[in-house]
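This briefing goes through one protein model by topic. Keep the sequence and the 3D view at hand while reading.

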Amino acid sequence: MHREPELSNQETKTQKRIIETLERFGLNGARTFHNTGVYIDIVGLAPGPKRSIALRGDIDALPIQEDRDDLPYRSQVPGLMHACGHDLHASIALGTALAFHRMRQSFSGKVRVIFQPAEEAEPCGGRSVAEDGLLVGFDAAVGFHVDTDNPAGSFGARAGAVTKSAEQFELNIIGTMAHGAESHAGVDATTIAGAFINEVQKVVSREMPVDDGAIITIGTIHGGEATNIICPSVVMTGTIRTSSPERRSLLVQRAREVAEGVAAMHRGRVEFSSQSGEPPSTMM
(Lines give C-alpha, C1' and ligand atoms only; values in the text may rest on other atoms or scores of the structure.)
Protein backbone atom coordinates (compact mmCIF):
# COMPACT_ATOMS: atom_id res chain seq x y z
CA MET A 1 0.00 0.00 0.00
CA HIS A 2 2.84 2.37 0.74
CA ARG A 3 4.44 1.68 -2.64
CA GLU A 4 1.22 2.45 -4.54
CA PRO A 5 -0.50 5.37 -2.77
CA GLU A 6 -3.77 6.78 -4.10
CA LEU A 7 -5.43 10.10 -3.37
CA SER A 8 -8.84 10.56 -1.75
CA ASN A 9 -11.71 9.22 -3.86
CA GLN A 10 -9.23 7.54 -6.22
CA GLU A 11 -8.37 4.45 -4.14
CA THR A 12 -9.41 1.89 -6.75
CA LYS A 13 -6.23 -0.23 -6.65
CA THR A 14 -6.19 -0.13 -2.87
CA GLN A 15 -9.82 -1.22 -2.73
CA LYS A 16 -9.11 -4.11 -5.11
CA ARG A 17 -6.04 -5.16 -3.12
CA ILE A 18 -8.00 -5.25 0.15
CA ILE A 19 -10.85 -7.31 -1.32
CA GLU A 20 -8.46 -9.76 -3.00
CA THR A 21 -6.46 -10.21 0.21
CA LEU A 22 -9.60 -10.90 2.22
CA GLU A 23 -10.77 -13.45 -0.31
CA ARG A 24 -7.34 -15.11 -0.49
CA PHE A 25 -7.68 -15.93 3.21
CA GLY A 26 -11.24 -17.17 2.80
CA LEU A 27 -13.02 -14.04 3.96
CA ASN A 28 -15.70 -13.42 1.34
CA GLY A 29 -18.66 -11.07 1.23
CA ALA A 30 -16.86 -7.73 1.31
CA ARG A 31 -19.10 -4.84 0.29
CA THR A 32 -18.24 -1.44 -1.12
CA PHE A 33 -19.39 2.08 -0.29
CA HIS A 34 -18.45 5.62 -1.31
CA ASN A 35 -17.20 4.17 -4.62
CA THR A 36 -13.74 3.29 -3.29
CA GLY A 37 -14.46 2.12 0.27
CA VAL A 38 -14.79 -1.44 1.59
CA TYR A 39 -16.31 -3.07 4.63
CA ILE A 40 -16.51 -6.67 5.78
CA ASP A 41 -18.46 -8.38 8.56
CA ILE A 42 -16.98 -11.23 10.61
CA VAL A 43 -19.62 -13.12 12.59
CA GLY A 44 -18.57 -15.11 15.64
CA LEU A 45 -19.84 -18.67 15.96
CA ALA A 46 -19.48 -19.15 19.72
CA PRO A 47 -22.43 -18.83 22.11
CA GLY A 48 -22.67 -15.72 24.22
CA PRO A 49 -23.78 -12.07 24.10
CA LYS A 50 -24.26 -10.97 20.52
CA ARG A 51 -22.45 -7.67 20.83
CA SER A 52 -21.29 -5.88 17.71
CA ILE A 53 -18.23 -3.66 17.27
CA ALA A 54 -17.02 -1.68 14.24
CA LEU A 55 -13.36 -0.98 13.50
CA ARG A 56 -12.27 1.73 11.07
CA GLY A 57 -9.04 2.34 9.20
CA ASP A 58 -8.59 4.93 6.43
CA ILE A 59 -6.80 4.16 3.17
CA ASP A 60 -6.04 7.35 1.20
CA ALA A 61 -2.70 9.10 0.67
CA LEU A 62 -1.52 12.69 0.28
CA PRO A 63 -0.17 14.78 -2.63
CA ILE A 64 3.34 14.84 -1.12
CA GLN A 65 6.62 13.73 -2.67
CA GLU A 66 8.44 11.12 -0.60
CA ASP A 67 11.98 12.30 0.10
CA ARG A 68 13.38 9.02 1.40
CA ASP A 69 15.00 7.11 -1.44
CA ASP A 70 16.64 4.48 0.79
CA LEU A 71 13.42 2.64 1.64
CA PRO A 72 12.64 -0.59 -0.25
CA TYR A 73 8.92 0.16 0.15
CA ARG A 74 9.10 3.84 -0.84
CA SER A 75 6.32 5.31 -2.96
CA GLN A 76 6.52 4.45 -6.64
CA VAL A 77 4.05 7.18 -7.60
CA PRO A 78 5.66 10.60 -8.17
CA GLY A 79 4.15 13.30 -6.00
CA LEU A 80 2.13 10.94 -3.79
CA MET A 81 2.88 9.19 -0.53
CA HIS A 82 1.29 7.81 2.62
CA ALA A 83 2.66 10.61 4.77
CA CYS A 84 -0.05 10.34 7.43
CA GLY A 85 0.04 6.64 8.23
CA HIS A 86 -3.10 5.59 6.42
CA ASP A 87 -1.30 2.66 4.82
CA LEU A 88 -0.55 1.42 8.33
CA HIS A 89 -4.15 2.05 9.43
CA ALA A 90 -5.41 -0.02 6.50
CA SER A 91 -2.89 -2.77 7.25
CA ILE A 92 -3.95 -2.93 10.91
CA ALA A 93 -7.61 -3.09 9.88
CA LEU A 94 -6.84 -5.83 7.35
CA GLY A 95 -4.85 -7.84 9.88
CA THR A 96 -7.64 -7.45 12.43
CA ALA A 97 -10.23 -8.73 9.96
CA LEU A 98 -8.12 -11.79 9.15
CA ALA A 99 -7.40 -12.48 12.83
CA PHE A 100 -11.06 -12.37 13.82
CA HIS A 101 -11.90 -14.58 10.85
CA ARG A 102 -9.47 -17.20 12.21
CA MET A 103 -10.93 -16.76 15.71
CA ARG A 104 -14.59 -16.87 14.72
CA GLN A 105 -15.16 -20.13 16.61
CA SER A 106 -14.06 -18.39 19.81
CA PHE A 107 -16.27 -15.29 20.01
CA SER A 108 -19.90 -14.34 19.69
CA GLY A 109 -21.39 -11.32 18.03
CA LYS A 110 -20.08 -9.41 15.02
CA VAL A 111 -17.05 -7.37 14.04
CA ARG A 112 -17.36 -4.98 11.12
CA VAL A 113 -14.08 -3.74 9.66
CA ILE A 114 -14.41 -0.56 7.61
CA PHE A 115 -11.74 0.54 5.15
CA GLN A 116 -12.67 4.18 4.81
CA PRO A 117 -11.59 6.18 1.74
CA ALA A 118 -11.26 9.95 1.39
CA GLU A 119 -10.14 11.01 4.83
CA GLU A 120 -8.15 13.92 3.40
CA ALA A 121 -10.45 15.52 0.82
CA GLU A 122 -14.06 16.08 -0.11
CA PRO A 123 -16.34 14.33 -0.56
CA CYS A 124 -15.27 12.73 2.72
CA GLY A 125 -15.60 9.00 3.21
CA GLY A 126 -16.17 9.37 6.93
CA ARG A 127 -19.41 11.19 6.25
CA SER A 128 -20.52 8.31 4.02
CA VAL A 129 -19.86 5.82 6.83
CA ALA A 130 -22.47 7.65 8.89
CA GLU A 131 -24.90 8.51 6.10
CA ASP A 132 -24.88 4.97 4.68
CA GLY A 133 -25.77 3.58 8.10
CA LEU A 134 -22.63 1.49 8.50
CA LEU A 135 -22.62 2.08 12.26
CA VAL A 136 -26.32 1.51 12.89
CA GLY A 137 -26.97 -1.22 15.43
CA PHE A 138 -23.39 -1.41 16.72
CA ASP A 139 -22.58 -1.26 20.41
CA ALA A 140 -19.28 0.54 19.87
CA ALA A 141 -16.94 1.76 17.16
CA VAL A 142 -13.15 1.91 17.30
CA GLY A 143 -11.05 4.32 15.28
CA PHE A 144 -7.33 4.79 15.61
CA HIS A 145 -4.36 6.76 14.34
CA VAL A 146 -0.66 5.97 14.56
CA ASP A 147 1.25 8.30 16.85
CA THR A 148 5.03 8.54 16.91
CA ASP A 149 4.87 9.85 20.49
CA ASN A 150 3.72 6.44 21.71
CA PRO A 151 6.43 3.77 22.14
CA ALA A 152 6.18 0.79 19.81
CA GLY A 153 3.95 -1.91 21.24
CA SER A 154 1.79 0.47 23.25
CA PHE A 155 -1.38 2.48 22.67
CA GLY A 156 -2.99 5.51 24.21
CA ALA A 157 -6.59 6.55 24.83
CA ARG A 158 -8.29 9.43 26.61
CA ALA A 159 -11.71 10.88 27.27
CA GLY A 160 -12.96 13.84 25.24
CA ALA A 161 -11.85 15.15 21.87
CA VAL A 162 -9.00 13.09 20.44
CA THR A 163 -8.75 14.81 17.07
CA LYS A 164 -9.85 18.29 16.03
CA SER A 165 -12.46 19.38 13.53
CA ALA A 166 -11.24 20.55 10.13
CA GLU A 167 -12.70 23.40 8.10
CA GLN A 168 -11.13 24.10 4.72
CA PHE A 169 -10.95 27.63 3.38
CA GLU A 170 -9.85 29.41 0.21
CA LEU A 171 -8.85 33.06 0.06
CA ASN A 172 -8.63 34.88 -3.26
CA ILE A 173 -6.78 38.15 -2.74
CA ILE A 174 -7.38 40.72 -5.48
CA GLY A 175 -5.06 43.65 -6.06
CA THR A 176 -4.01 45.73 -9.05
CA MET A 177 -1.11 45.00 -11.38
CA ALA A 178 1.61 47.62 -11.88
CA HIS A 179 5.27 47.76 -12.76
CA GLY A 180 7.58 47.22 -9.81
CA ALA A 181 9.21 50.58 -10.48
CA GLU A 182 5.82 52.24 -10.06
CA SER A 183 4.44 50.29 -7.14
CA HIS A 184 2.25 53.21 -6.06
CA ALA A 185 0.12 52.60 -9.15
CA GLY A 186 -0.80 49.08 -8.07
CA VAL A 187 -2.19 47.18 -5.12
CA ASP A 188 0.17 44.40 -4.05
CA ALA A 189 -1.70 41.15 -3.40
CA THR A 190 1.50 39.57 -2.08
CA THR A 191 1.75 42.21 0.64
CA ILE A 192 -1.87 41.56 1.60
CA ALA A 193 -1.18 37.83 1.72
CA GLY A 194 1.80 38.34 4.01
CA ALA A 195 -0.21 40.57 6.32
CA PHE A 196 -3.05 38.05 6.47
CA ILE A 197 -0.69 35.19 7.38
CA ASN A 198 0.68 37.21 10.29
CA GLU A 199 -2.61 38.64 11.53
CA VAL A 200 -4.76 35.52 11.32
CA GLN A 201 -2.45 33.67 13.73
CA LYS A 202 -3.35 36.22 16.40
CA VAL A 203 -6.90 34.88 16.31
CA VAL A 204 -5.46 31.69 17.83
CA SER A 205 -2.91 33.23 20.19
CA ARG A 206 -5.10 36.08 21.48
CA GLU A 207 -8.70 34.97 21.08
CA MET A 208 -8.77 31.21 21.75
CA PRO A 209 -8.36 29.45 25.12
CA VAL A 210 -5.00 27.75 25.44
CA ASP A 211 -6.56 24.35 26.17
CA ASP A 212 -8.60 24.47 22.94
CA GLY A 213 -5.55 23.73 20.81
CA ALA A 214 -6.97 25.69 17.87
CA ILE A 215 -4.82 25.76 14.73
CA ILE A 216 -5.01 27.84 11.55
CA THR A 217 -2.81 26.45 8.80
CA ILE A 218 -1.98 28.11 5.49
CA GLY A 219 -1.35 25.07 3.31
CA THR A 220 -0.90 26.58 -0.15
CA ILE A 221 -0.18 30.00 -1.60
CA HIS A 222 0.05 30.84 -5.29
CA GLY A 223 0.51 34.20 -6.96
CA GLY A 224 2.65 36.31 -9.24
CA GLU A 225 4.08 35.75 -12.69
CA ALA A 226 7.10 38.05 -12.99
CA THR A 227 9.85 39.23 -10.67
CA ASN A 228 9.41 42.91 -11.49
CA ILE A 229 5.60 43.18 -11.52
CA ILE A 230 3.30 44.04 -8.60
CA CYS A 231 1.31 40.85 -8.06
CA PRO A 232 -2.40 41.41 -8.84
CA SER A 233 -3.80 38.24 -7.24
CA VAL A 234 -2.92 35.54 -4.74
CA VAL A 235 -4.87 32.38 -3.93
CA MET A 236 -4.35 30.76 -0.56
CA THR A 237 -5.88 27.65 0.94
CA GLY A 238 -5.75 26.29 4.45
CA THR A 239 -7.49 24.54 7.31
CA ILE A 240 -8.96 25.67 10.61
CA ARG A 241 -8.98 23.17 13.45
CA THR A 242 -10.48 23.21 16.94
CA SER A 243 -11.46 20.69 19.60
CA SER A 244 -14.54 22.77 20.44
CA PRO A 245 -17.71 22.29 18.35
CA GLU A 246 -18.87 25.73 19.50
CA ARG A 247 -15.81 27.54 18.15
CA ARG A 248 -15.79 26.07 14.65
CA SER A 249 -17.99 28.75 13.12
CA LEU A 250 -16.37 31.48 15.23
CA LEU A 251 -12.88 30.69 13.92
CA VAL A 252 -14.08 30.69 10.31
CA GLN A 253 -15.88 34.00 10.89
CA ARG A 254 -12.79 35.58 12.43
CA ALA A 255 -10.55 34.36 9.60
CA ARG A 256 -12.95 35.96 7.12
CA GLU A 257 -13.03 39.22 9.08
CA VAL A 258 -9.24 39.37 9.31
CA ALA A 259 -8.92 38.75 5.56
CA GLU A 260 -11.43 41.47 4.70
CA GLY A 261 -9.88 43.92 7.15
CA VAL A 262 -6.31 43.39 5.97
CA ALA A 263 -7.35 43.70 2.33
CA ALA A 264 -9.24 46.94 2.96
CA MET A 265 -6.27 48.38 4.84
CA HIS A 266 -4.06 47.74 1.80
CA ARG A 267 -6.65 48.99 -0.73
CA GLY A 268 -7.41 45.52 -2.08
CA ARG A 269 -10.30 43.10 -1.71
CA VAL A 270 -10.78 39.42 -1.01
CA GLU A 271 -13.11 36.57 -1.80
CA PHE A 272 -13.31 34.16 1.13
CA SER A 273 -14.99 30.76 0.97
CA SER A 274 -15.01 27.84 3.40
CA GLN A 275 -16.21 24.28 3.51
CA SER A 276 -17.17 22.52 6.72
CA GLY A 277 -15.29 19.30 7.31
CA GLU A 278 -15.54 16.59 9.94
CA PRO A 279 -16.31 17.32 13.62
CA PRO A 280 -13.88 16.44 16.43
CA SER A 281 -13.48 12.72 17.07
CA THR A 282 -14.46 12.14 20.67
CA MET A 283 -13.60 9.21 22.91
CA MET A 284 -16.62 8.05 24.91
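Two residues are in contact when heavy atoms of theirs lie within 4.5 Å. By that rule, and leaving out residues up to four places away in sequence, Ile216 touches Phe169, Val200, Gln201, Val203, Val204, Thr239, Ile240 and Leu251. The model is predicted.

- Four strands form an open sheet in the order β9-β11-β7-β12, and their pairing is antiparallel.
- β9 (215-223) and β12 (269-275) are the edge strands; each has a single partner strand, so one side of each has no neighbour in the sheet.
- On average, neighbouring strands of this sheet are turned by 20° against each other, with direction ignored.
- Eight bridges join β7 (residues 167-174) to β11 (residues 233-241) in the antiparallel sense.
- Gln168 has Thr239 of β11 as its bridge partner.

**Helices on the sheet**

- Helix α4 (residues 189-207) packs on the sheet and touches β7, β9 and β11. The direction of α4 makes about 175° with that of β9.
- Helix α5 (residues 248-265) also packs on the sheet, where it touches β7, β9, β11 and β12. The angle between the directions of α5 and β12 is about 165°.

**Nonpolar cores**

- In soluble globular proteins, nonpolar side chains tend to be buried together.
- The largest nonpolar core here has 28 residues, and Leu171, Ile173, Phe196 and Ile216 have the most contacts inside it.
- At least two residues of this core come from each of β7, α4, β11, α5 and β12.
- Which element supplies the largest share of this core? α4 does, with eight residues.
- A second, separate core has 17 residues, including Ala90, Ala97, Phe107 and Val111.

**Helix α1**

- Helix α1 (residues 12-24) has 13 residues and reaches 18 Å from its first C-alpha to its last, close to the 18 Å expected at 1.5 Å a residue.
- Which residues of α1 are buried? They are Thr14, Gln15, Ile18, Ile19, Thr21 and Leu22.
- Seen down the axis of α1, these buried residues fall within an arc of 160°, so they line one face of the helix.
- An α-helix has 3.6 residues a turn, so residues three or four places apart point the same way.
- Lys13, Lys16 and Arg24 are exposed on the other side of α1.
- The cover over the buried residues of α1 includes β1 (31-33), β2 (37-43), α2 (86-102) and β4 (110-116).
- Gly26 follows α1 and has a positive phi, near 85°.

**Two partly exposed residues**

- Gly180 lies in the loop between β8 (178-179) and α4.
- The relative accessibility of Gly180 is 36%; buried means under 20% and exposed over 50%, so Gly180 counts as partly exposed.
- Leaving out residues up to four places away in sequence, Gly180 touches Asn228, Ile229 and Ile230.
- Gly180 is 46 residues from Ala226 in sequence, and their C-alpha atoms are 9.7 Å apart in space.
- Glu207 is part of helix α4. With 37% relative accessibility, Glu207 counts as partly exposed.
- Neighbours within four places in sequence aside, Glu207 is in contact with Lys202 and Arg254.
- Glu207 and Leu251 are 44 residues apart along the chain, and 9.3 Å separates their C-alpha atoms.

Terms used
Residues numbered from 1 in each chain as written. Predicted model: local features only at pLDDT ≥ 70, side-chain atom pairs only at ≥ 80, totals over all residues. Heavy atoms only, no water. Pairing = 2+ DSSP bridges. Axes fitted to C-alpha atoms, helices over the stretch in contact; angles between N-to-C directions. Expected span 1.5 Å × (residues − 1). Buried < 20%, exposed > 50% of the residue type's maximum accessible area, 1.4 Å probe, protein only. Arc of directions from axis to C-beta. Core = buried A, V, L, I, M, F, W, Y, C linked by side-chain atoms within 4.5 Å.
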